[in-house]
Amino acid sequence: MEGSPEKIRSVYKKYQWQVFLGLVFGYAMFYVARMSLNVAKKPMLDAGIVTLEELGVIGSAFFLTYAVGKFSNGFLSDYANIGRFMSISLGLSAITCLLMGMNTATFFFILLWGVNGWFQSVGSAPSCVSIYQWFSPKQRGSVYSIWGGSRNIGEGITWILTATIVSFFGWRAGFVGAGIASLAAAFAMYLMLKDRPQTYGLPEPAVAYGEEPEIAKKSDPKEIRRAQLFILKQPTVWLIALACAAMYISRYAMSSWAVLYLQESKGYSLIDAGFAMSAYPIAGFAGAILAGIISDKLFNANRHIPTLLYGVANIAGMCLMFWGPESRMVDAVALGLIGFAIGGLVVFLAGLTACDLMPKAAVGAVKGFIGLCSYIAASAQELVSSMLIKTSEVNGVTHYDFATAQYFWLAASVVSLLLALTVWNAKKVVNF
């Protein structure tokens, strides 16, 4: 595009807003689609549709295909038209939700939710690639943090609206409602998201905003492949991926089982549990947004110090949740503390720290590799947690005991923090 720097910047800002809004609200709807099962678990158990062990297999199938998809789709996203890639995948995920609400056979639950895991895997890495394509280095920290908090918007919608729908209309309505909403969001994403700036005749964002130009050869497919292979050999990436994997055990333990935990261990109703859980994503959104600001402004773009602080907060929140005084206010504080901590840790460990350290040409690959490790761990968590949660029957009513599972979730948080500390002195790769 020819024109003055002011004109180019004006066009850039217009497209940046469209991309930003499309990513934030579109990615939130990815979470609405994926988390519908978590709200419907107890009603499905109570109706005898599935057993606890079958729920573990269904959840594990999702995370296993999600893990493989994160890896492969992360690599593909370095080449893809992000707008088409993400919107079509969200639309297909929405269709699987609709089909889940029309089904009662366990085999098809496993098959459909496993397929949904693949479609869902297209959400994260392409979002990150789009941010690095459209925003300059000085803009990325804040934009990445806000986008990182968008999953909490989706979780909040799930815990409040989906839980309310399920309470009044049954478990099927939770899947159908999430599917319809996600279809609408997919269409909006198709209209709002953009391909890379060069497609529209625009320069790199760093050039458009008068910052130091980034490496020009990054768009060459050969250089992209070389950068992708390079990051797979870096111990720093492996250590961050393992730290993120351990953190994802505790993260998805809360997302997958906390509503059932509140109902069984704390005596909450489904609606009460849903509203209590809303503190988790709300605080998570704040934690994600503040992660970039805190690391940029207070610690001069050092991601390690706030990672330590967030990690300690996560451990403290879990201890308060499991062994604190019996009080709904205490539960809300604990869930808020855990949500706040997880919000920041996902920003750092699931992408920003490693992407800052590795070549820009392989951002999608970095996200994909970390996602592979993280969601293999999340998949294993579903199976392990379902085995550790003990069942008993009293007067014909089945009860669930989380006494052993909660130690597993806490231990994962501790291991994650220790692994994250091992890359404290890692430096950015300049040449590869």
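The reply below starts with the basis of the values, goes through the salt bridges and then widens to the fold.

Reply: The model is predicted, so local features are reported only at pLDDT of at least 70 and side-chain atom pairs only at pLDDT 80 or more, while totals for chains, interfaces and linings use all residues. Residues are numbered from 1 along each chain as its sequence is written, and side-chain values use heavy atoms, leaving out hydrogens and water.

A salt bridge here is a side-chain nitrogen of Lys or Arg within 4 Å of a carboxyl oxygen of Asp or Glu. By this rule there are seven salt bridges. One of them pairs Lys 41 with Glu 382, with 3.8 Å between the closest N and O atoms. This pair links distant parts of the chain, 341 residues apart: Lys 41 belongs to helix H2 (residues 36–46) and Glu 382 to helix H16 (residues 363–388). Helices (H or I, at least four residues) and strands (E, at least two) are DSSP runs numbered from the N terminus. Lys 41 and Glu 382 are both buried; buried means under 20% relative accessible area, exposed over 50%, and partly exposed in between, with a 1.4 Å probe and protein chains only.

Another salt bridge joins Lys 42 to Asp 46, the closest N and O atoms lying 3.2 Å apart. Both residues are in helix H2, and because they are four residues apart, about one helical turn separates them.

On the H15 side, Leu 349, Ala 350, Gly 351, Ala 354 and Cys 355 meet Val 363, Val 366, Lys 367 and Ile 370 of H16, where contact means heavy atoms within 4.5 Å. By class, seven nonpolar, one polar and one charged residues take part in this contact of H15 with H16. Ala, Val, Leu, Ile, Met, Phe, Trp, Tyr, Cys and Pro count as nonpolar, Asp, Glu, Lys and Arg as charged, and the others, Gly among them, as polar.

Elsewhere in H15 is Ala 334, which is buried at 0% relative accessible area. Apart from neighbours within four places in sequence, Ala 334 contacts Gly 317, Leu 320 and Met 321.

For the fold as a whole, the chain has 17 helices and two strands. Buried residues account for 59% of its 432 residues. Of the contacts between residues at least 6 apart in sequence, 83% join residues at least 24 apart. The C-alpha atoms fill a box of roughly 75 × 45 × 35 Å along the principal axes.
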